[in-house]
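Reader: I am new to reading protein models, and I would like to learn how to look at a helix and the sheet it rests on. Could you take me through one case step by step?

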Amino acid sequence: MTTTLLAVDDSRTMRKVFEITFASQDFRLILCSNADEAVAKLSERPAIALVDAGLEGTSGYDLCRNLKQSQPGLSVIILANKQQPYDRNRGTQVGADDFMDKPFDTQQLIDKVTALSKKQPSAPQAAPAVMASPA
């Protein structure tokens, strides 16, 4: 099953890294350079968003909050760096599911995304039939 990822980073280089990292049939990648583009792409129903904490304009934390309000089932991984380390309190307040520091090990990022995708709710299933007990 293909997992749709929304990757938001204002660095062209990082967007290329995402492209290379998730270049497999298991992932469909939607790349965005800012918060407005990301919100506009929610109609494509991504399962997981990778969001740069240090976005220009709307911060990655604020974008995380907006994404979660617009699409509550969306998992969000915030990507921080040494200049702007991950703020656990802020991440918790906006509903971030996880974080990673840049530069990151690509396999670790794939592993985090894969783990979150397995936690995603699947399509609604019919309730199990209730067996009537013999009278």
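Author: Let us begin with a term: a residue is called buried under 20% relative accessible area, exposed over 50%, and partly exposed in between, with a 1.4 Å probe and protein chains only. Helices (H or I, at least four residues) and strands (E, at least two) are DSSP runs, numbered from the N terminus. This is a predicted model, in which local features need pLDDT of at least 70 and side-chain atom pairs count only at pLDDT 80 or more, while totals for chains, interfaces and linings use all residues. Residues are numbered from 1 along each chain as its sequence is written, and side-chain values use heavy atoms, leaving out hydrogens and water.

Reader: Which residues are buried in helix α1?

Author: In α1, which spans residues 12–21, the buried ones are Met14, Arg15, Phe18 and Thr21. They cover an arc of only 125° around the axis (taken from the directions from the helix axis to the C-beta atoms), which puts them on the same side of α1. The face turned away from that side carries the exposed residues Arg12, Thr13 and Ile20.

Reader: What covers the buried residues of α1?

Author: Contact means heavy atoms within 4.5 Å. The cover includes the strands β1 (3–8), β2 (27–32), β3 (48–52) and β4 (75–80), together with helix α5 (106–119).

Reader: With which residues is Thr21 in contact, leaving aside its neighbours within four places in sequence?

Author: Thr21, whose relative accessible area is 14%, is in contact with Thr106 and Ile110 once those neighbours are left aside.
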